[in-house]
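Here is a short briefing for a reader meeting this structure for the first time. Look over the chain, then read on by topic.

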Amino acid sequence: MNLEQHFESLTALLNKMYEQYKHYKDALLRQRAAIIENNTAELTEILTEIDDVNENINRLETRREYAAQILFANAKNATTIRDLVIAFPQFNGQTLEKISLELKKELLEVKRLADSNGELLEISRNIVRETMNTIMSQNIDPRDRAWRTYGNGGTYSRTVRREPVHLVNKRG
């Protein structure tokens, strides 16, 4: 392959990565809706889809690194896409630079959504944890508070005796 083919290959790979990140963003938006709706079946399906997209992105990233290494090796003092465009003015660098910028924007949006979904999942876990803690640690029937009476010494005694009742195993 000559340098022009590697340049075009890099452009095509960045374009494919951009498409994968757009698909990833759509999956993250659907994941957000499923988290809010507490739809575990859809979450499972979306996680499988996200794994597939991650695998595709990793494969494309490996190919992109190889194509970029060849171009960087042939360009003097080039470390970025913009440097490659300047080093090879005979190739169509505007397309490569445009796709690179769009890919960066999409990547930042995906990162923001992934972080936001992670926070939503953590909030959801905390709600479930607190709910389970409340249910499992509830040993006294809440109605007992209404039957408290206080004596002259300031101590209280129940006017109705009830045995402790657990919310999961109600007997009272």
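The model is predicted.

**Overall layout**

- From the N terminus on, the elements follow the order α-α-α-α-β-β.
- The chain has 172 residues, and 28% of them count as buried.
- Take the contacts in the chain with a separation of 6 or more: residues 24 or more positions apart account for 63% of them.

- Helix 2 covers residues 40-74.
- Its end C-alpha atoms are 51 Å apart. The 35 residues of helix 2 should span 51 Å at 1.5 Å a residue, so the two values agree.
- Several residues of helix 2 are buried, including Leu43, Ile46, Ile50, Val53, Ile57, Leu60 and Leu71. Glu49 is also one of the buried residues of this helix.
- What do the buried residues of helix 2 pack against? They pack against helix 1 and helix 3, the latter being residues 81-87.

**Gln20, a buried polar residue in helix 1**

- Gln20 sits in helix 1, which runs over residues 3-37.
- Is Gln20 buried or exposed? Its relative accessible area is 19%, and the cut-off for buried is under 20%, so Gln20 counts as buried.
- Beyond its neighbours within four places in sequence, Gln20 is in contact with Val53, Asn56, Ile57 and Leu60. Among them, Val53, Ile57 and Leu60 are buried residues of helix 2.
- With Asn56 there is also a polar contact, side chain to side chain, at 3.5 Å.

**Salt bridges**

- Side chains of opposite charge can pair when their charged atoms come close.
- The chain has seven salt bridges, counting a side-chain nitrogen of Lys or Arg within 4 Å of a carboxyl oxygen of Asp or Glu. Three of them are described here, one in helix 2 and two in helix 4.
- Glu61 and Arg64 join through their side chains, at 2.4 Å from N to O. They are three residues apart in helix 2, so about one helical turn separates them. Glu61 is partly exposed, at 24% relative accessibility.
- Glu109 and Arg112 form another salt bridge, with their closest N and O atoms 2.6 Å apart. These two are three residues apart in helix 4, so about one helical turn lies between them. Both are partly exposed: Glu109 has a relative accessible area of 28%, and Arg112 has 47%.
- Lys111 pairs with Asp115, with the closest N and O atoms 3.3 Å apart. Both lie in helix 4, four residues apart, about one turn of the helix. Asp115 is partly exposed, at 41% relative accessibility.
- An α-helix has 3.6 residues a turn, so residues three or four places apart point the same way.

**A nonpolar surface patch**

- Which residues form a nonpolar patch on the surface? They are Val128, Met132 and Met136.
- Together these residues have about 280 Å² of accessible area.
- Met132 belongs to helix 4, residues 93-137. Its relative accessible area is 42%, so Met132 counts as partly exposed.

Note on methods
Residues are numbered from 1 along each chain as its sequence is written. This is a predicted model: local features need pLDDT of at least 70, side-chain atom pairs count only at pLDDT 80 or more; totals for chains, interfaces and linings use all residues. Side-chain values use heavy atoms; hydrogens and water are left out. Buried means under 20% relative accessible area, exposed over 50%, partly exposed in between (1.4 Å probe, protein chains only). A polar contact is a pair of N or O atoms within 3.5 Å; within protein, one must be able to donate a hydrogen and the other to accept it, and residues adjacent in sequence count only if both atoms are side-chain atoms. Contact means heavy atoms within 4.5 Å. Patches are made of residues with over 30% relative accessible area and no salt bridge: like charges are joined within 9 Å, nonpolar side chains (Val, Leu, Ile, Met, Phe, Trp, Tyr) within 5 Å. Accessible areas come from the Shrake-Rupley method with a 1.4 Å probe; for residues, only the protein chains shown count as cover. The expected span of a helix is 1.5 Å times one less than its number of residues.
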